[in-house]
Structure formats: structure tokens, C-alpha cells
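My notes follow in the order I looked things up.

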Amino acid sequence: MLCLREANMEDLEQEYVFITNTPANENGFTNPHAGCSREEFEQKILPGYIDAARGVGLREGRVPQTQLFLWDDGQIVGLFRIRHYLTEALASGAGHIGYGIGKAFRGRGYASAGLRLTIQKAWDIIREDEIYMSVSRDNPASLRVQMKNGAYIHHEDELEFYTRIKRQTENLMNTVNDL
């Protein structure tokens with residue numbers, strides 16, 4: 001069964017494997033902890049994820065961020081991040097949600113399903129009336145994932161598309177899903 005689980009100490013081993021096997025930067029999804037040691041992950045990185053979700057120990061200019069691992073049949077297939085509110089830099093850049101799917105699991109619908117679950121959770125967290133996201137222009141698959149989940153292209157530049165999902169879109173999606 002597909003589900004999202006917040007970063008936690010109980011799932012440390014699987015989380016560590018996923019994080020260390022995810023490239024540092026791929027298709028615009030950044031992972032500054034790629035290749036970290038097991039000890040560093042357990043002692044510093046994972047507790048940092050947990051604290052960041054609660055807004056504890058944030059560096060200057062950072063906002064609370066929840067790390068959500070996407071699980072299917074006992075294995076992690078992706079990582080989704082929800083930034084709880086926007087700074088000026090986030091509003092003009094990465095936005096509220098970022099995500100990456102493990103290379104072995106791409107093309108199977110995990111990004112679409114995971115983003116749908118993340119959007120549902122985001123509406124309980126974010127302050128704004130729209131969810132902001134961005135996607136690299138050279139990643140049309142991710143743009144399709146966002147559009148499939150109710151996003152529209154708000155604007156673009158030479159490197160990125162900047163998408164938005166209106167709060168009422170989420171309500172309409174739930175109504176359609178309930179039929």
C-alpha cells in the first residue's frame with residue numbers, strides 16, 4: 001500500500017539507504033546529504049529533518065520543512081518535502097513542495113500518486129491560498145505530474161516553469177474522488 005511517512009528514527013535504516021543513494025542534484029531535486037555516513041545520518045541529519053518539521057534549530061532564512069518518504073510495500077520509493085510557508089526566495093523559486101523518486105521506481109506513477117498525497121497533507125500545513133512549485137524546463141515528466149495534480153503554469157523563465165495549485169482545486173479534486 002502506498003503511503004507517506006514523516007522522517008522518523010524508527011525507519012532510519014531505510015531512510016538512510018534512500019538518502020545516500022539519491023544524487024546530490026538531479027532534475028532540480030537537491031539532496032545535500034547524498035553519500036553521508038551512517039553515523040552522520042543518525043546523529044545529525046535525521047534529527048535535523050525531524051527538528052526542521054517542528055521549526056526547531058532553523059538557520060537564518062530557513063522555514064519549517066517536513067520530509068515525507070513515499071513507501072510502497074515496505075520500501076521507500078520517493079521523498080517529498082513540504083515547506084510550511086514561503087519566504088521571498090521560496091516564492092520566486094522552489095516553492096512549497098519538492099520531490100524526487102528513486103531512479104529504479106520512475107515511470108510507474110509514483111510521482112503522481114505521491115504528489116497527490118503530499119498536496120492533501122500540504123493544505124493542512126501551508127498558510128497561502130496556493131501551493132507554489134517549480135520544475136526544470138528539461139523535466140517535462142515532472143511538469144506533467146504537477147499538471148495532473150491540478151497545477152497550472154503561473155510563469156516561466158529560461159530554466160524553470162513555476163506552477164501553482166489553487167486551494168479550491170484541491171477541494172474540487174476531493175469532490176471528484178468522492179464520486
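**Entry 1: helix α1**

I began with α1, where Leu-12, Glu-15, Tyr-16, Phe-18, Ile-19 and Thr-20 are buried. Buried means under 20% relative accessible area, exposed over 50%, and partly exposed in between (1.4 Å probe, protein chains only). Helices (H or I, at least four residues) and strands (E, at least two) are DSSP runs, numbered from the N terminus. This is a predicted model: local features need pLDDT of at least 70, side-chain atom pairs count only at pLDDT 80 or more, and totals for chains, interfaces and linings use all residues. Residues are numbered from 1 along each chain as its sequence is written, and side-chain values use heavy atoms, with hydrogens and water left out.

Next I asked what the buried residues of α1 pack against. They pack against β1, α2, β4, β5 and β6. Contact means heavy atoms within 4.5 Å.

**Entry 2: α1 against α2**

I took α1 as residues 12–21 and α2 as residues 38–54. The two helices pack at an angle of about 100°, with their axes 11 Å apart. Axes are lines fitted to C-alpha atoms, for helices over the stretch in contact, and angles run from 0 to 180 degrees between N-to-C directions. α1 and α2 are therefore roughly perpendicular to each other. For that label, angles under 35 degrees count as roughly parallel, over 145 as roughly antiparallel, 65 to 115 as roughly perpendicular and the rest as oblique.

I listed the contact residues. α1 brings Leu-12, Glu-13, Glu-15, Tyr-16 and Ile-19. α2 brings Arg-38, Phe-41, Glu-42, Leu-46 and Tyr-49. I also saw that α2 lies across β1 and β4, running at about 120° to β4.

**Entry 3: the four-stranded sheet**

I then traced the strand order β1-β4-β5-β6, an open sheet with antiparallel pairing. Two strands pair if DSSP finds at least two bridges between them. β1 and β6 are the edge strands, each with a single partner, so one side of each has no neighbour in the sheet. On average, neighbouring strands here are turned by 25° against each other, direction ignored.

I went through the pairs in turn. β1 (residues 3–6) runs antiparallel to β4, joined by four bridges. Glu-6 has Leu-68 in β4 as its bridge partner. β4 and β5 pair over eight bridges, and Leu-70 is partnered by Gly-78 in β5. β5 and β6 pair over five bridges. There Gly-78 stands opposite Ile-101 in β6.

**Entry 4: is β4 buried or exposed?**

Eight of the eight residues of β4 are buried, so the strand is largely enclosed by the rest of the structure. Gln-65, Gln-67, Phe-69 and Trp-71 point one way. Thr-66, Leu-68, Leu-70 and Asp-72 point the other way.

**Entry 5: the three-stranded sheet**

I found three strands in the order β7-β9-β8, again an open sheet with antiparallel pairing. β7 (130–136) and β8 (152–156) are its edge strands, each pairing on one side only. Neighbouring strands are turned by 30° on average, direction ignored. β7 and β9 (residues 160–166) pair over seven bridges, and Ser-134 has Tyr-162 in β9 as its partner. Helix α5 (residues 140–148) lies across β7, β8 and β9, at about 160° to β7.

**Entry 6: nonpolar cores**

A nonpolar core is a set of buried Ala, Val, Leu, Ile, Met, Phe, Trp, Tyr and Cys residues joined through side-chain atoms within 4.5 Å. The largest core has 21 residues, and Ile-97, Leu-115 and Ile-131 touch the most other members. β4 (65–72), β5 (75–83), β6 (97–101), α4 (110–122) and β7 each supply at least two residues. α4 gives the most, with five. A second, separate core of 15 residues includes Ala-7, Leu-12, Phe-41 and Phe-69.

**Entry 7: two loop residues**

I looked up Asn-149 in the loop between α5 and β8. Asn-149 counts as buried, at 3% relative accessibility. A polar atom of its side chain lies 3.4 Å from the backbone nitrogen of Arg-116.

Last, I found Val-56 in the loop between α2 and β4. Val-56 counts as partly exposed, at 42% relative accessibility.

Methods: Polar contact = N/O pair within 3.5 Å; in protein donor to acceptor, adjacent residues only side chain to side chain.
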